[in-house]
Amino acid sequence: MVTAEVAVAEVLVEFTDAVAAPDGKTYTARACGSEMADSGWQGWLEFYPDGHGQPIRSGRETTQPNRTDTVYWATGLTPVYLEGALRRALKPLVRPPAREIPAPAFDGPAPNLSEVDPEAESILNPFAVYRRGEVMLRKQLSALSGWHLVNIIRSHRLSKADQTVLDATPPAALVELIVNGVKALETHATK
């Protein structure tokens, strides 16, 4: 059985000057370090209140390749750095918990218009409007955009032309195609 060695923390430097917190309370600071499990060294600061109270510590302040470099880091710390580290230790940043993101509502993107069931896309029934008169049908069709007209043609199977051909056809020609198609089918149905 293999057991992992526990890294022993050590005090690298104890600072002689007191470090003042924003509330005026003073602390004695120590730079500490230990070897990390995945090699290298880490350093942090511990602050001991002058008088009474529990010590506090900072998060990891440095990562170094070895003990010598960690000691070098600790010996270069300034009073200003220590004050900032004390403020961070007294009021550490708190990362909000990650909110759970719900699963997508759909299994894929919306289909392209050319893949949609044509019956579902017709904005009006040209046969019903034609029964009120050809003029009424032409008037209502002329108010629609080209893509609406193409959907009407496809939905009511008024042409066997390819989608790309219909898309390139001017709206006035699409209106004629619909009117002529409806007239032909209506005439055929009444015979």
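This section describes charged and aromatic contacts, a surface pocket lining and backbone geometry in a predicted model. Local features were considered at pLDDT of at least 70 and side-chain atom pairs at pLDDT 80 or more, whereas totals for chains, interfaces and linings use all residues. Residues are numbered from 1 along each chain as its sequence is written, and side-chain values use heavy atoms, with hydrogens and water left out.

The structure holds six salt bridges, a salt bridge being a side-chain nitrogen of Lys or Arg within 4 Å of a carboxyl oxygen of Asp or Glu. One of these joins R67 to E10, with an N to O distance of 2.7 Å. Helices (H or I, at least four residues) and strands (E, at least two) are DSSP runs, numbered from the N terminus. R67 is partly exposed at 37% relative accessibility, and E10 is likewise partly exposed, at 26%. In these terms, buried means under 20% relative accessible area, exposed means over 50%, and partly exposed lies in between (1.4 Å probe, protein chains only).

E176 is partly exposed, at 33% relative accessibility. A network of salt bridges links E134, R138, E176 and K183.

Charged groups also lie over aromatic rings, the criterion being NZ of Lys or CZ of Arg within 6 Å of the ring centre and within 35 degrees of the ring normal. R30 is placed over the face of Y48, at 4.6 Å from the ring centre. The charged end of R88 sits over the ring of Y81, 5.6 Å from its centre. By contrast, a search of the whole structure finds zero aromatic pairs; such a pair requires rings of Phe, Tyr or Trp (its six-membered ring) with centres within 6.5 Å, and counts as stacked if the planes are under 30 degrees apart, edge-to-face if over 60, and tilted otherwise.

R88 also contributes to the lining of the second largest pocket, together with S58, G59, R60, E61, A89, K91, P92 and L93. Lining residues have an atom within 4 Å of a pocket point; on a 1 Å grid over the protein atoms alone, a pocket is an open set of points where a 1.4 Å probe fits, with protein on both sides within 12 Å along at least five of seven lines. The lining comprises three nonpolar, two polar and four charged residues.

Most residues other than glycine have a negative phi. S39, in the loop between β3 (26-35) and β4 (41-49), has a positive phi of about 80° although it is not a glycine. R157, also not a glycine, has a positive phi of about 50° and is found in the loop between α5 (146-155) and α6 (163-168). R157 is exposed, with a relative accessible area of 63%.

Notes:
Nonpolar A, V, L, I, M, F, W, Y, C, P; charged D, E, K, R; others polar.
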